[in-house]
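Hi,

Have a look at it first, then read on.

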Amino acid sequence: MAARRKLIAGNWKMNGLKAEGLQLASDLAGRLQGAGAVPFDMLVCPPFPLLFPVGEAIKGSPLALGGQDCAPKQKGAHTGDTSPAMLKDAGCAYAIVGHSERRQDHGETDAIVAAKAAAAHEEGLVAIVCVGETWAEREAGKAQEVVGRQVAGSLPAGATAANTVVAYEPVWAIGTGKVATPQDVKDMHAFIRKELQARLSDADSVRILYGGSVKPDNAVELLATDNVDGALVGGASLKADDFWAIGTSCR
Ligand code: PEP
């Protein structure tokens, strides 16, 4: 199996003002620098207004920066949107696309998510493409059907292991404290790997993250699960100690 370096990604969502964001990012960058060789990449995705100051503060450190979303276009009359080119200008290497909160709150379809990922690729950004079923869909026995459809529809042509990460985030586990069982995670990640193998020539090298109430006390088990190549972390990424503990749970 291809060696996949783990990615620990923090999605700050709509949290934190400049001072807190700078402190959190600088703290993590300092820990990473002090730790030397670690078996994971670490990424923070602050709200858009904090990208430039945080990008400046962590420049030259191993801590990577990402946007929580991006527009499917690079510029123009799109009020309120932020383009991949703007993310790159701020120092981003990654853009999350298709987070369930974007799909739910902003009606983003798979086609929109794929267009956003394609635009991110155009600027050389790695797109973190989020997929995941609702509780009702899981209860109805449709979790794999839903996730399979999202993977098929949300990955743009030209997706490779170098420019794309998939994040499996069951909607019912996000911010709820409910975590999918290691067996459910193992099954779904194996399913996603198979779906990728049907589409991408380098599918075995694509990183598949798990997200949904990842905390220091469940990270070791989740991160040791087959085909779990890292974590997309919301709440616990807002505390340097917790986020660092999740990172150092990587073996
Ligand atoms: C997320 O926002 O992607 C997420 C997984 O949130 P939390 O870790 O808080 O469940």
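Let me start with A57: leaving aside neighbours within four places in sequence, A57 is in contact with L22 and S26, where contact means heavy atoms within 4.5 Å. A57 sits in helix α2 (residues 51–58); helices here are DSSP runs of H or I with at least four residues, strands are runs of E with at least two, and both are numbered from the N terminus. At 39% relative accessibility A57 counts as partly exposed, given that buried means under 20% relative accessible area, exposed over 50% and partly exposed in between (1.4 Å probe, protein chains only).

Some housekeeping before the rest. This is a predicted model, in which local features need pLDDT of at least 70 and side-chain atom pairs count only at pLDDT 80 or more, while totals for chains, interfaces and linings use all residues. Residues are numbered from 1 along each chain as its sequence is written, and side-chain values use heavy atoms, with hydrogens and water left out.

Now the helix pairs. Two packed helices are described by the angle between their axes and the distance between the axes. The axes are lines fitted to C-alpha atoms, for helices over the stretch in contact, and angles run from 0 to 180 degrees between N-to-C directions.

Take α7 (residues 143–154) and α8 (residues 182–197): their axes come within 10 Å and cross at roughly 35°. On the α7 side the contact uses A143, Q144, V147, G148 and V151, and on the α8 side D187, M188, F191, I192, E195 and L196. That contact divides into seven nonpolar, two polar and two charged residues. For those classes, Ala, Val, Leu, Ile, Met, Phe, Trp, Tyr, Cys and Pro count as nonpolar, Asp, Glu, Lys and Arg as charged, and the others, Gly among them, as polar.

α7 also packs against α5 (residues 110–122), at an angle of about 45° and with the axes 8 Å apart. α5 and α7 are therefore oblique to each other; on this scale angles under 35 degrees are roughly parallel, over 145 roughly antiparallel, 65 to 115 roughly perpendicular, and the rest oblique. This crossing of α5 and α7 is right-handed. D110, A111, V113, A114 and A117 of α5 meet R149, Q150, G153 and S154 of α7, a set with four nonpolar, three polar and two charged residues.

How do α9 and α10 cross? The axes of α9 and α10 (residues 240–247) come within 8 Å at roughly 20°, which makes the two helices roughly parallel. Their crossing is right-handed. P216, A219 and L223 of α9 make the contact with D242, A245 and I246 of α10, and by class that is five nonpolar, no polar and one charged.

Back in α5, have a look at K116. Is K116 buried or exposed? K116 is buried, with a relative accessible area of 5%. Not counting residues up to four places away in sequence, K116 touches D69, C70, A71, P72, V97, R102 and E108. The C-alpha atoms of K116 and A95 are 9.1 Å apart, and the two residues are 21 apart along the chain.

C70, one of those K116 partners, is itself buried, at 1% relative accessible area. How far is the C70 sulfur from the closest cysteine sulfur? It is 9.8 Å from the one in C92, too far for a bond. C45 is in no disulfide either, with the C92 sulfur 7.5 Å away as the nearest, and C45 counts as buried at 1%. The structure holds zero disulfides, a disulfide being a pair of cysteine sulfur atoms within 2.5 Å.

Last, a few backbone items. K13, in the loop between β1 and α1 (18–35), has a phi near 55°, a positive value in a residue other than glycine. N227 is not a glycine but has a positive phi of about 65°; N227 lies in the loop between α9 and β8 (230–233) and is buried at 15%. A3, in the segment before β1 (6–11), is exposed at 80%, and its C-alpha is 7.0 Å from that of S205, 202 residues away along the chain.

Cheers

Key:
Left-handed = near helix turned anticlockwise from the far one by under 90°.
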